Amino acid sequence: MKMVNSLAMLGALALGTVSYADIQVWTRDRNNPDPLVGPSQVSATVIPVPNDPTTFDVTFTTESLFTAVPAGSIEWIVWVFDPASANGDPVSSIRSLTIDTTTGFRQGNIRLIIAPAPLPGSTQSQPDFPISWDRLLFFTGVLDLGSITTIPADFAPSVSACIAVAGNVGTATALNPRDKAEVGQIYRSQAQGRTVNNQFLGGNIFADIVAAGPDSLAIVSSQIPNSTDVDRKAIGYIVAGKSIQGNIVSEGSPFGGPNNAVRSGSIEAVVVSSATESDPGITGNILAQRGTINSILTTGMIGTDAAAKSQIRAGRGITQIRAIAESSSTVLGVDFVADVTANLLGGDVDTFFRQDKSLNKLETAGNFIGTINADFIRPPTDTSTELDWGIFVGGTFTGDIHVRASVLGASIAIGSFTAPTTAMPNTGHIVIDHSLDGAVVATAANGKIPYISIGRTPTANFYRPGMLGSDSEPQTVPFRPWQPAPFNQPQVDSMIAAPEIGTITISNMFQAGDKRYAPRIESPKIGTLIIDDFRQGLVWSGHLEYVLDANGNPTIDAATGRPNLLTPQDDTNITQKSPKSNSAV
Amino acid sequence: MYYFGTPETTIAKSLLGELHLPRLSTGEHITIGSSLGIGVGPFGEALETCLCSDLVCFVPNDCALFPNAWPEFADPVAIDDSPRDNDMALVGAIRIAEDLGLAGQIIINDDANSLPNPTNWTGQVIIGSNTPNPIILSPDSAAPYTAPYYTAKSSVLGGGAVGLAHVDQPLVPERGVPLDDLELGLRELDRLLQDLIGNIELAKVVQGRAYGDAQDSIMIKLKVLGQRTSIKHHPPSVRGGAEVFELDGADEGLNDVGGHGRR
């Protein structure tokens, strides 16, 4: 039976010392005193909850909260925790936490904290949500937590939660359906795991984490639950030490509210911090289909199965997806097996702010299998001075990239693209509908770009489509053939470059008025080249540069007085393809 | 280009930047819809190679708005053999690195627009650009390399040709023999390219040019039908055979075209 399996798992993680009988629920009026300005230790009232020794479920009612707090408060802070956590590590777990509003007082708003309450005499407590949800909860409230449910389900948007467990969120064996923690906003869910006897335990989020409510925005703060929690995303910080296997879903809300606009449901950060590069770090989906995703940082893989890739979808943009530890600058060789969509809301391209529905950075030293869709690939702000925004995949990219508007001040730098096949004709395709103001390169020594299209479906009333040029002087000595950004220059290079390129089709190649250098295409081997209007720029195939001496200067052929050129790659082993095939490389 | 599989380079409008390739092999084409180098606008005005972001920059002074419009930087060896020499990107040229590297065909003004033809070829086609003595076909070159009517034999270039399309009378076909494997006498070819033969307008016929050697390759393109065929030139034989031009590969879709050839 599932429950037996779950309990067995929980017991195993706790190394034999598990209690399910001591969970407590404490509450107090959220506004009296204001926890954000009042003393950290405030009085609270414990309310009786049925700790079912058979099911290990915990249920409390809004009626019990209403009666427990004087003056009939309807806004509560509620702590749910193992009392042992007030002075040490929690040992008790919750299989299912239920908030029941079907009897007595049926309204109210709840800040739910799965962490120790400020008990008299406690040495560790979590007085309230951190002011910033990206701050760690220092003390965990329970060992494992299975699910969080409201009755009825439409009460969920009235609950905001912070969850800190020492073990796992969700149960590994509860997969169909998964355990689910569904409330209005989840400011934090942390399951960082712990080390016992040199053994790493827990650290997994098996449950689906669902924010049923929208972001808290300042302009609509009076319209939403917990109205003082302004300018926060519906899902804040989801961190697991080992893996996130459930789905992370920020639903937002459809048309309604002020201006009858879509209410964003966004995700600030999803982090897997301690997985190895071969571990399945994130295998669920991460969905903010009416909002944004700020950061996905992982030391383990994203997705593992090419036939069931993880779906990472944002309606209005994704800032970064990186194979990197939070505190490190080292990019890891982690494979991403995922479909990434940053522009799910569709609609018109935002030509004014140019940030909407952008992907700012995707970075791994491993491989990528999947598709990428965004309106823009660009830095997060127009004032960014960094040159490392864009898509960076050190290994092989098997899939396609579609940019609905432009690559602006950014790069697409891939080790190599897998060639298309009859079954997957779009594999290896880069399609930039409007313009490339940046670089697209295949960085490997035998790297290939099968197909790239620029400016073939331009955005109306936007600047001229095509390749624009750059303000940066091209890197010459030393010559670096497949690097997207030159040294000590203000902008990304304007270049398409690869050891082999199958098809290039560009509407316009020109040097925009604000650019100092024209765009270039560099490749020893080019299959098909189509440029509608070649106004300024350079297409160079064959020998790419000089043979340099130890000082970085070109060597000169004594007979001709000309510089010795690098030998192009042998092209005798290129398989001839049908002219109608896209498999040019 | 190092072509492999789909030997095609198409510049649908003008080439005012630069193409650099090691060779253009037999069977490979570079097609430029309008001009190579600085051309003229649709009203005969000078078309500047300016750096404005406008679609077309007709007014030279527009360029003055951009003080960095003609950037230069030090070339470490002062010759044009680096893709990173930015001044190369502004000239309107095709550089073929190898000596005798032009074995394929280059068509300029493939759209056969109404511009005065010579002004559609103001840039350079350089054969052997990485050799000490390259051949430069351009309007500024001395004979026999003066474009567009250069007189150098194709064997000097590598066997290929550069053709500037002329705007000819529209051709319209009537019922007749197919063009497949058609052989035409010189005068017949001329008539085919000049006459009205039927009531379907073929719009414009692009006639490349190359003179001199036997087996020289000329290209015509029947634009409406989307067909392109090479014409082989068979000079008069010593035994009195006629001089003919052989059209190979003009098959599908051309069955109603003809009337002046002999099979």
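A residue is called buried when its relative accessible area is under 20%, exposed when it is over 50%, and partly exposed in between, with a 1.4 Å probe and protein chains only. By that rule Ser295(A) is buried, because its relative accessible area is 7%. The structure is a predicted model, in which local features need pLDDT of at least 70 and side-chain atom pairs count only at pLDDT 80 or more, while totals for chains, interfaces and linings use all residues. Residues are numbered from 1 along each chain as its sequence is written, chains are lettered from A and ligands numbered from 1 in the order in which they are written, and side-chain values use heavy atoms, with hydrogens and water left out.

Ser295(A) belongs to strand S23 (residues 293-298) of chain A, where helices (H or I, at least four residues) and strands (E, at least two) are DSSP runs numbered from the N terminus. Leaving aside residues up to four places away in sequence, Ser295(A) touches Glu268(A), Ala269(A), Val270(A) and Gln320(A), a contact meaning heavy atoms within 4.5 Å. With Gln320(A) there is also a polar contact from side chain to side chain, at 2.8 Å; such a contact is a pair of N or O atoms within 3.5 Å, and within protein one must be able to donate a hydrogen and the other to accept it, while residues adjacent in sequence count only if both atoms are side-chain atoms.

Charged pairs come next. A salt bridge is a side-chain nitrogen of Lys or Arg within 4 Å of a carboxyl oxygen of Asp or Glu, and the count over all chains comes to 16. In one of them, Arg95(A) pairs with Asp179(A), their closest N and O atoms being 3.2 Å apart. Arg95(A) lies in strand S5 (residues 94-100) of chain A and Asp179(A) in the loop between strand S8 (159-164) and strand S9 (180-183) of chain A, so the pair ties together parts that are 84 residues apart in sequence. Both Arg95(A) and Asp179(A) are buried.

Another salt bridge joins Asp279(A) to Lys242(A), with the closest N and O atoms 3.3 Å apart. Asp279(A) is buried, at a relative accessible area of 15%, whereas Lys242(A) counts as partly exposed because its relative accessibility is 31%. Arg520(A) and Asp493(A) form a further salt bridge, at 2.9 Å between the closest N and O atoms, and here both Arg520(A) and Asp493(A) are buried. Lys357(A), Asp375(A) and Arg404(A) are linked in a network of salt bridges.

A nonpolar core is a set of buried Ala, Val, Leu, Ile, Met, Phe, Trp, Tyr and Cys residues joined through side-chain atoms within 4.5 Å. The largest has 123 residues, and Leu112(A) and Ile521(A) have the most contacts inside it. Strand S30 (residues 390-417) of chain A gives the most to this core, with 10 residues. Beyond four places in sequence, the residues that Ile521(A) touches include Met467(A), Ile496(A), Leu538(A) and Trp540(A).

Confidence needs care in chain B, whose mean pLDDT is 58, with 38% of its residues reaching 70 or more; pLDDT is the predictor's confidence in each residue, from 0 to 100. Within chain B, the highest mean, 93, is in strand S7 (residues 135-137), and the lowest, 31, in strand S10 (residues 205-207). Over residues 194-236 of chain B, pLDDT stays under 50, although the model has 157 contacts beyond four places in sequence for them. Where pLDDT is low, the predicted coordinates should not be read in detail.
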